[in-house]
Amino acid sequence: MKISSVNGRPVNLDLNTIDLPITAYASITHRITGLVLCAAVLVLLWFLDKSLTSEADFTEVQKILSSMPIKALMFLFLAPFWYHLIAGIRHLIMDMGVGESLEGGRLGAKIVFIVSAVLIVFTGVWLWGA
Amino acid sequence: MGSVTSIASLGRNGLYDWVVQRISAVVIAAYFLFLVFFLVMNPGLTYEQWVALFSSNWMQVFSTISLLMLLAHVWIGVWGVLTDYMTPRLMGSKANSMRLVVELVVFAVVLIVAVVGLSIFWSL
């Protein structure tokens with residue numbers, strides 16, 4: 001642990017040694033899902049281009065998307081999408097001054113995890129059929 | 001006190017980026033929720049329906065605005081993450097020059113996706 005040159009107090013910025021609060025997990029998950037979605041956009045744009053090229057390509061894309069590994073890949077894109085969306089909506093709500101307190105922040109983070117988990121389950125049901 | 005300006009941020013300053021990030025978020029959300037809704041509502045989707053959707057003028061405009069908003073959103077988000085983690089404190093003395101290289105690569109990809117995306121939307 002480093003010692004502050006200003007007041008001699010110990011300074012710890014090593015995240016590995018800090019027990020992170022749920023709000024920190026909500027924040028880092030928002031960032032990680034954002035980066036995953038960057039990659040997702042490239043793949044989705046490729047699928048969109050191919051699906052609009054011809055009827056044969058459209059049918060092929062449908063076939064590719066219904067295959068198990070690609071369905072799993074789509075799930076790996078849709079799950080972060082829901083989380084990133086819900087966490088973003090929380091930010092917009094907080095921008096309006098709602099849920100900015102310590103307790104409000106913790107509650108908001110919990111709600112984001114729960115709501116996105118529910119949406120992710122629905123997505124799984126939609127993809128694989130119930 | 002003047003606001004902090006960085007040549008590598010999208011806008012002139014952080015407040016501008018903050019506003020663009022939020023407005024773009026709402027547009028992107030609307031676009032993807034619309035597409036998810038459309039796909040859920042059309043389980044037996046045909047090629048004709050799919051092309052009809054994307055070749056309609058309002059959808060071409062919606063797609064174009066959403067893609068440009070998405071790329072602005074990506075740039076602001078990735079820039080924020082890079083400036084937080086690719087720092088001399090976390091990655092050593094070469095961090096700043098390495099970050100500049102990564103930022104240039106990301107910016108190049110953003111430009112390529114803009115060109116490819118717009119050509120997909122407007123060649124229909």
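Visitor: How are α1(A) and α2(A) oriented to each other: oblique, or roughly perpendicular?

Guide: The general idea is to take the angle between the two axes and see which class it falls in. Angles of 65 to 115 degrees count as roughly perpendicular, and those over 145 as roughly antiparallel. This is a predicted model. Here α1(A) and helix α2 (residues 55-66) of chain A pack at about 140 degrees. The two helices are therefore oblique to each other. Their axes lie 6 Å apart.

Visitor: Which residues of α1(A) and α2(A) meet?

Guide: From α1(A) come A:Phe47, A:Lys50, A:Ser51 and A:Thr53. On the α2(A) side, they meet A:Asp57, A:Phe58, A:Glu60, A:Val61, A:Ile64 and A:Leu65. By class, the contact holds five nonpolar, two polar and three charged residues.

Visitor: At what angle do α2(A) and α3(A) cross?

Guide: Read the angle as before, then the distance. The α2(A) and α3(A) axes cross at roughly 80 degrees and come within 5 Å. That makes the pair roughly perpendicular. A:Ile64, A:Leu65 and A:Ser66 of α2(A) touch A:Met68, A:Ile70, A:Lys71 and A:Met74 of α3(A). Sorted by class, this contact has five nonpolar residues, one polar and one charged.

Visitor: How does α1(A) pass α3(A): in a left-handed or a right-handed crossing?

Guide: Start with the geometry. Helix α1 (residues 22-53) of chain A packs on helix α3 (residues 68-95) of chain A at about 130 degrees, with the axes 8 Å apart. That makes α1(A) oblique to α3(A). The crossing is left-handed. The contact of these two helices has 17 nonpolar, eight polar and one charged residues.

Visitor: Now the chain interface. How many residues of chain B and chain A are in contact?

Guide: Count each side separately. Chain B gives 32 residues and chain A gives 26. Then look at the buried area. Between chain B and chain A it is about 2400 Å². Carbon and sulfur atoms give 76% of that area.

Visitor: How many salt bridges are there between chain B and chain A?

Guide: Look for a Lys or Arg side-chain nitrogen within 4 Å of an Asp or Glu carboxyl oxygen. The count here is two.

Visitor: Which side chain does A:Asp95 meet in a salt bridge?

Guide: A:Asp95 meets B:Arg22, with an N to O distance of 2.4 Å.

Methods. Residues numbered from 1 in each chain as written. Chains lettered and ligands numbered in written order. Predicted model: local features only at pLDDT ≥ 70, side-chain atom pairs only at ≥ 80, totals over all residues. Heavy atoms only, no water. Axes fitted to C-alpha atoms, helices over the stretch in contact; angles between N-to-C directions. Helix = DSSP H or I, 4+ residues; strand = E, 2+ residues; numbered from the N terminus. Parallel < 35°, antiparallel > 145°, perpendicular 65-115°, else oblique. Left-handed = near helix turned anticlockwise from the far one by under 90°. Nonpolar A, V, L, I, M, F, W, Y, C, P; charged D, E, K, R; others polar. Contact = heavy atoms within 4.5 Å. Buried area = accessible area lost by both parts, 1.4 Å probe.
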